[in-house]
Amino acid sequence: NGHMSRCGDPGVPRSLQEELHRPLIPAVGRLKYAGIPVALIYGQHDHYIPYSPIHAKYCVIDEWIALDGSFNWYNTSNMSHDLLAIAANHGIAKPYLYEFYQILREFRSFY
């Protein structure tokens, strides 16, 4: 979700170009600057406040390990009661990969 991956008040109206110039939150920035490809997803159409309707919280590593749950990928979740399930199985990871590529095709992605 590109909108929530940036610093500042997410409720402030901005053009998409202004949105894309907001700095990344530290956790996302560390991934990106470590050389890990990060795609920030925005909705299919412009809105008064740029946002992404995507609320998925999963990760697939090497097309084999799938991580999914309510865990938010930033520091405050380390102190919360969020859940994270991990499965090392290509058959489980495959539907996540399918959804991932579908999101990249159908929504606006910025790297």
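Two strands pair if DSSP finds at least two bridges between them. In the hairpin of E2 and E3, three residues lie between the strands, and Asp62 has a positive phi near 55°. Helices (H or I, at least four residues) and strands (E, at least two) are DSSP runs, numbered from the N terminus. This is a predicted model, in which local features need pLDDT of at least 70 and side-chain atom pairs count only at pLDDT 80 or more, while totals for chains, interfaces and linings use all residues. Residues are numbered from 1 along each chain as its sequence is written, and side-chain values use heavy atoms, with hydrogens and water left out.

- Strands E2, E3 and E4 form an open sheet of three strands in the order E2-E3-E4, with antiparallel pairing.
- Strand E2 (58–61) and strand E4 (84–88) are the edge strands; each has a single partner strand, so one side of each has no neighbour in the sheet.
- From one strand to the next, the twist averages 10°.
- E2 and E3 run antiparallel and are joined by four bridges; the bridge partner of Ile61 in E3 is Ile65.
- E3 (residues 65–69) and E4 also run antiparallel, joined by five bridges, and Leu67 stands opposite Ile86 in E4.
- Helix H3 (residues 90–106) packs on the sheet and touches E2, E3 and E4, where contact means heavy atoms within 4.5 Å.
- The direction of H3 makes about 110° with that of E2; axes are lines fitted to C-alpha atoms, for helices over the stretch in contact, and angles run from 0 to 180 degrees between N-to-C directions.

**Nonpolar cores**

- A nonpolar core is a set of buried Ala, Val, Leu, Ile, Met, Phe, Trp, Tyr and Cys residues joined through side-chain atoms within 4.5 Å; buried means under 20% relative accessible area, exposed over 50%, and partly exposed in between (1.4 Å probe, protein chains only).
- The largest nonpolar core has eight residues: Leu16, Leu20, Leu24, Ile25, Val28, Val38, Leu40 and Tyr42.
- Helix H1 (16–20) and strand E1 (40–42) are the elements that give two or more residues to this core.
- A second, separate core has five residues, including Ile41, Ile54, Ile103 and Phe107.
- Leaving aside residues up to four places away in sequence, Leu40 touches Gly2, Ser5, Arg6, Leu24, Val28, Arg108, Ser109 and Phe110.

**Helix H2**

- In helix H2 (residues 26–33), the buried residues are Ala27, Val28 and Gly29, and they pack against E1.
- Gly35 follows H2 and has a positive phi, near 95°.

**Aromatic pairs**

- Rings of Phe, Tyr and Trp (its six-membered ring) pair if their centres lie within 6.5 Å; planes under 30 degrees apart count as stacked, over 60 as edge-to-face and the rest as tilted.
- Three aromatic pairs are found in a search of the whole structure.
- One of them joins Tyr58 and Tyr96, with ring centres 5.1 Å apart and planes at 55°, so this pair is tilted.
- Tyr58 lies in strand E2 and Tyr96 in helix H3, so the pair ties together parts 38 residues apart in sequence.
- Tyr58 is buried, at a relative accessible area of 18%.
- The rings of Phe100 and Tyr101 have centres 5.1 Å apart and planes at 70°, so that pair is edge-to-face.
- Phe100 is partly exposed at 34% relative accessible area, and Tyr101 is partly exposed at 42%.

**Salt bridges**

- A salt bridge is a side-chain nitrogen of Lys or Arg within 4 Å of a carboxyl oxygen of Asp or Glu, and the search of the whole structure finds two.
- Arg22 and Glu19 meet through their side chains in a salt bridge (2.7 Å, N to O), and both residues are buried.
- Glu19 lies in helix H1 and has a relative accessible area of 0%.
- Not counting residues up to four places away in sequence, Glu19 touches Gly2, His3, Arg6, Arg14, Tyr42 and Pro50.
- Arg108 forms a salt bridge with Asp46, with the closest N and O atoms 2.8 Å apart.
- This pair links distant parts of the chain, 62 residues apart: Arg108 is in strand E5 (residues 108–110) and Asp46 in the loop between E1 and E2.
- Arg108 is partly exposed, with a relative accessible area of 23%, whereas Asp46 is exposed, at 57%.
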